[in-house]
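Here is a short report on the inside of one protein model.

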Amino acid sequence: MKFAELAKYLQKLEGTSSRNEMTVILAELFRQASPEDARLIAYLSAGRLGPAYNSPDMGIADKSMLKTLKSLNAGDADKMFVKLGDLGLVAQEIRSIRAGEYKSVSIKEVHQKLLEIAEVGGIGSQEKKQNLIRNLLESLDPVGAKYSVKIILGKLRTGFSDMTVLDSLSWMMTGDKSKRKEIEEIYNVRADLGEIAETLKRLKRVEALNPQLGTPVLMAQAERAKTPQDIWVRNGPCALEYKLDGLRIQAHIQCSVLSAQCSVKLFSRGLENVTAMYPDVTAGLAKQIKQDCIVEGEMIAVGETGKFL
């Protein structure tokens, strides 16, 4: 599928506030896509390059984007930005003024170019990113330029949630939301909308997936009760324990038989990869756990005396 087609659907989504209408529009989009494109559509329509737990930051601010757009239009971008207040609209306006033949760029090609922009780092990285963005924009039609800029800046506001995408995948398959519960059960253990969209397109049916190391399991959250009695009414016989005030963490531990070492990934409740933030926890888990597993619990600070801080 061409990126220009995706951009048209993003424009439709931006123009509606009805969740049901969004569901139908997304279902139509997924229905037309190949399995590989369905994966990328699930990411890009949410303004990401990958799943929530593994989507690189583009590292581009408004000021840098404005500089890139000025290079496309001999400096008029400043005035346009003051007038329009949206750099995506500025990009669209510039491409409309500089009308010409646009390349037939696929979703996959645009996704690869966006990844390339995100991966640029080091000395002179901003200039390199600006050159790559300019080359990308020059290959896109006005609407495609608008939404690529919004994705790069992290300002794509389509107004739907992951749950709307799950509804749309059910609608794609059956014309209604009857498969939503089954699809959500898959999402609960494999929180990667792109993978789910691609799998459903390939199999043409809903099939249970097992948890996979490296892909976070959606964490169940407690439901509030109005009174302590409500807890026993809902759950039957149960026990209480102290609420430890820390951070909810899900650890994915994968051990190598050859090296006798384990690699660890830590995910927050919001599915953010926080491995680099807690090297002591990562090292402790790698040392103490000797087989592949996923463990989840509350991560708390402990003082030198062994007491919780």
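The text below takes these topics in turn.

This is a predicted model, where local features need pLDDT of at least 70 and side-chain atom pairs count only at pLDDT 80 or more, while totals for chains, interfaces and linings use all residues. Residues are numbered from 1 along each chain as its sequence is written, and side-chain values use heavy atoms, with hydrogens and water left out.

**Cores**

In soluble globular proteins, nonpolar side chains tend to be buried together. A nonpolar core here is a set of buried Ala, Val, Leu, Ile, Met, Phe, Trp, Tyr and Cys residues joined through side-chain atoms within 4.5 Å. Buried means under 20% relative accessible area, exposed over 50%, and partly exposed in between (1.4 Å probe, protein chains only). The largest nonpolar core holds 66 residues. Phe30, Met65, Leu69, Leu114 and Leu169 have the most contacts inside it. Helix 9 (residues 142-153) gives the most to this core: 7 residues. Helices (H or I, at least four residues) and strands (E, at least two) are DSSP runs, numbered from the N terminus. Another core lies apart from the largest one and has 12 residues, including Ile249 and Met299.

A disulfide is a pair of cysteine sulfur atoms within 2.5 Å. The whole structure has 1 disulfide. Cys255 and Cys262 form it, with sulfur atoms 2.0 Å apart. Their link is right-handed, with 95° about the S-S bond. Both Cys255 and Cys262 are buried. Cys293 is in no disulfide; its nearest cysteine sulfur, that of Cys255, is 7.0 Å away.

**Pockets**

On a 1 Å grid over the protein atoms alone, a pocket is an open set of points where a 1.4 Å probe fits, with protein on both sides within 12 Å along at least five of seven lines; lining residues have an atom within 4 Å of a point. Grid points are joined across faces, edges and corners, and a volume is the space filled by probe spheres set on the points. In the table, Ala, Val, Leu, Ile, Met, Phe, Trp, Tyr, Cys and Pro count as nonpolar, Asp, Glu, Lys and Arg as charged, and the others, Gly among them, as polar.

| Pocket | Volume | Lining residues by class |
|---|---|---|
| Largest pocket | about 870 Å³ | 10 nonpolar, 7 polar, 11 charged |
| Second largest pocket | about 170 Å³ | 6 nonpolar, 4 polar, 2 charged |

Of the 28 residues lining the largest pocket, Gln221, Ala222, Lys243, Arg248 and Glu298 are the closest to its centre. Helix 13 (228-235) supplies the largest share of that lining, 4 residues. The lining of the second largest pocket includes Gly47, Arg48, Ile151 and Gly154.
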